[in-house]
Amino acid sequence: MEQSVSALHGTPVVPGIGYGPVVRPVARPVVPAQGTSVPDTAREAEVGRFEEAARVVTERLRARASRASGAAAEVLQATAVLVEDRAWRGAAATKIRSGADAVGATVGATEQFAALFEKMGGLQAERVTDLLDIRDRVIAELQGAPEPGLEMPDEPSVLLATDLAPADTAGLDPSAIVALATSLGGPTSHTAIIARQLGIPCVVAVAGLDDVPVGTTVLVDGATGRIVLSPDGAEAAAEVERDRIERERVAGWSGPGATADGHPVEILANVQDGSGARAARHTPAQGIGLFRTELCFLDRDAEPTVVEQSDIYAEVFEAFEGRKVVLRTLDAGSDKPLRFANHPDEHNPALGVRGIRITTSAPGVLDRQLDAVAEAASRTGARPWVMAPMVATVSEAADFAARVRERGLSPGVMIEVPSAALLADRLLEHLDFLSIGTNDLAQYTMAADRMSPQLAALTDPWQPAVLALVARAAQAGTAAGKPVGVCGEAAADPLLACVLAGMGVTSLSCAASAVTGVGARLSSVPMDRCREAAEVVLATDDPVAARAAAAKLLD
Ligand code: PEP
Ligand code: MG
């Protein structure tokens, strides 16, 4: 690499400083373009060899899952389940019985399933990375090669990679890997989610990262996205020390959410089920700001009954008894297709029938869900706020509000589509609150797929155009005297959280693991400073300038 390059930049995902020598994952096995053919008489033995390799890989993943916890354990378990998939194994066995060797059959079966997953789109398409990961693990085992992925280093190190398989990220030990950065991957990728859970400083989508050699000493700043190559040792040590003190301060924050001069801003948690809600109770989160109900039903062929649904919702209400819970109605479609929602075959599902729009393709689903919410509320004594995703027009908001009020519940909508942000004041005439989904708002404002690693810089929530829409919605709330929260990933970024508060946002809802970081940061700055930061950020031209302007005022 060019000698003159001393720093690289990417999209910051998990704040914090990590400093150490670069390590990279063990190379994946070379996947042969063509396998060898196996004679008739040896084919059953070859099937046995494939089955044994798959069994060893499954057991290793399960053993690692049992040593991990939370999302990491879930990712490892899910990868193990994929190796055990009967259809995938069956496809490989069939190929061996037709003459392919075990390696060739593994490659062939994986290609077949990857094509299928890609065709299904959405979350299923994202699982192609997992499929390629298990293919490589099984092939390495068949070849007698070491397990691909990461070997834990002896000294605290910085992990750099093109992209990380979920199973690699899930097994990371934060005392050995003090930071990680990838040249691909977006802010909502697996790498980002696990890094957040483990609290490992992380930067994704870093151009030029693949040229940094193993052993180079680097400093990763997960708050700004900066990666300094061969930094001055004393300066790096000082930055690490500052970060350590900051982390200690963060760990001691116990809420409730407020700026340094006492302006309240609720800090809430995003959850997807009862167990997530119970886990969030162990943080200082004051309530639930986003309960993503569709995630409870991704595996269902048939619509869950009202009773089934109300049992699930009641679990979440009970976990946060007497506190605020904001439930989102099914955000079906696009990256989260629900089989029972009658999604039409669409060329462009992100711009298709998703969220509130399923009311037309699957009439009755919304009403039955609202019945279930009302039933769970009356059973538990909860007073949930209920909001709809993907609302684009005033009439959608008015119609939703009427259905929710009929059941004695409090209605709101998500601001995820620019049209809704632009008309936030008129939406609020019908509603009690708004919640800004910055993940989709960025996708639709910037016309950039939120899942695309190539477009991560465009879907960065610090894009001034996205923030201008956030500010507009927040102002509408202030004028109407109604709450406007943020529940997208933007709310998990402690620096951005202060800027959002300065715009007039009344609550910040983020992953449970981000709650203390956001709350502690907000408690360190007065509201005037947050307002000033909001003003300067809105006057910048790009996310890098926006971050720098906010950091200058708030750090
Ligand atoms: C968002 O779009 O910001 C949001 C919170 O919804 P989801 O990420 O579930 O689409
Ligand atoms: Mg969304």
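**Close-up 1. Arg-547 is buried, at a relative accessible area of 9%.** The view comes from a predicted model. Arg-547 pairs with Asp-460 in a salt bridge, at 3.0 Å from N to O. Asp-460 sits in the loop between helix H17 (438-446) and helix H18 (464-480), while Arg-547 belongs to helix H22 (residues 543-554). The bridge therefore ties together parts that are 87 residues apart in sequence. Asp-460 has 4% relative accessibility, so it counts as buried; the cut-off for buried is under 20%.

**Close-up 2. Helix H19 (residues 494-503) packs against H22.** The angle is about 80°, and the axes lie 10 Å apart. H19 and H22 are therefore roughly perpendicular to each other. From H19, Leu-495, Cys-498 and Val-499 take part. They meet Arg-547, Ala-550, Ala-551 and Leu-554 of H22. By class, this contact has six nonpolar, no polar and one charged residues.

Close-up 3. Cys-498, Val-499, Ala-501, Gly-502 and Met-503 form the H19 side. On the H21 side are Met-527, Cys-530, Arg-531, Ala-533, Ala-534, Val-537 and Leu-538. The contact of H19 with H21 counts 10 nonpolar, one polar and one charged residues.

**Close-up 4. Glu-416 and Asp-440 coordinate the magnesium ion (ligand 2).** The donors are OE of Glu-416 and OD of Asp-440, at 2.0 Å. Glu-416 lies in the loop between strand E13 (410-415) and helix H15 (418-422). Asp-440 lies in helix H17. The pair links distant parts of the chain, 24 residues apart. Both Glu-416 and Asp-440 are buried.

**Close-up 5. Gly-477 of helix H18 touches Leu-428, Lys-482 and Val-484.** That list leaves out residues up to four places away in sequence. Gly-477 has 2% relative accessibility, so it counts as buried. Leu-428 is 49 residues from Gly-477 in sequence. In space, their C-alpha atoms are 7.5 Å apart.

**Close-up 6. Glu-44 and Arg-97 meet in a salt bridge through their side chains.** The N to O distance is 2.7 Å. Glu-44 is in helix H1 (residues 43-67), and Arg-97 is in helix H3 (residues 86-97). The bridge links distant parts of the chain, 53 residues apart. Glu-44 is partly exposed, with a relative accessible area of 48%. Arg-97 is partly exposed too, at 44%.

**Close-up 7. Arg-403 and Asp-367 form a salt bridge, at 3.0 Å from N to O.** Arg-403 lies in helix H14 (residues 394-406) and Asp-367 in helix H13 (residues 365-380). The pair therefore ties together parts that are 36 residues apart in sequence. Asp-367 counts as partly exposed, at 25% relative accessibility.

**Close-up 8. A network of salt bridges links a set of charged side chains.** Its members are Arg-28, Arg-60, Asp-133, Arg-135, Asp-136, Arg-137, Glu-141 and Glu-147. Side chains of opposite charge can pair when their charged atoms come close. Across the model, the count comes to 43 salt bridges.

**Close-up 9. Gly-255 and Pro-256 are joined by a cis peptide bond.** Omega is about -5°. Pro-256 is found in the loop between helix H9 (233-251) and strand E9 (266-271).

**Close-up 10. Ala-205 has a positive phi although it is not a glycine.** The value is about 55°. Ala-205 is in the loop between strand E6 (202-204) and strand E7 (217-221).

**Close-up 11. Met-390, a residue other than glycine, has a positive phi.** Its phi is near 60°. Met-390 is placed in the loop between strand E12 (385-388) and H14. With a relative accessible area of 1%, Met-390 is buried.

Key. Residues are numbered from 1 along each chain as its sequence is written. Chains are lettered from A and ligands numbered from 1 in the order in which they are written. This is a predicted model: local features need pLDDT of at least 70, side-chain atom pairs count only at pLDDT 80 or more; totals for chains, interfaces and linings use all residues. Side-chain values use heavy atoms; hydrogens and water are left out. A salt bridge is a side-chain nitrogen of Lys or Arg within 4 Å of a carboxyl oxygen of Asp or Glu. Helices (H or I, at least four residues) and strands (E, at least two) are DSSP runs, numbered from the N terminus. Buried means under 20% relative accessible area, exposed over 50%, partly exposed in between (1.4 Å probe, protein chains only). Donors are N, O and S atoms within 2.8 Å of the metal (3.2 Å for Na, K and Ca); water is not among the atoms, so sites may look incomplete. Axes are lines fitted to C-alpha atoms, for helices over the stretch in contact, and angles run from 0 to 180 degrees between N-to-C directions. Angles under 35 degrees count as roughly parallel, over 145 as roughly antiparallel, 65 to 115 as roughly perpendicular and the rest as oblique. Contact means heavy atoms within 4.5 Å. Ala, Val, Leu, Ile, Met, Phe, Trp, Tyr, Cys and Pro count as nonpolar, Asp, Glu, Lys and Arg as charged, and the others, Gly among them, as polar.
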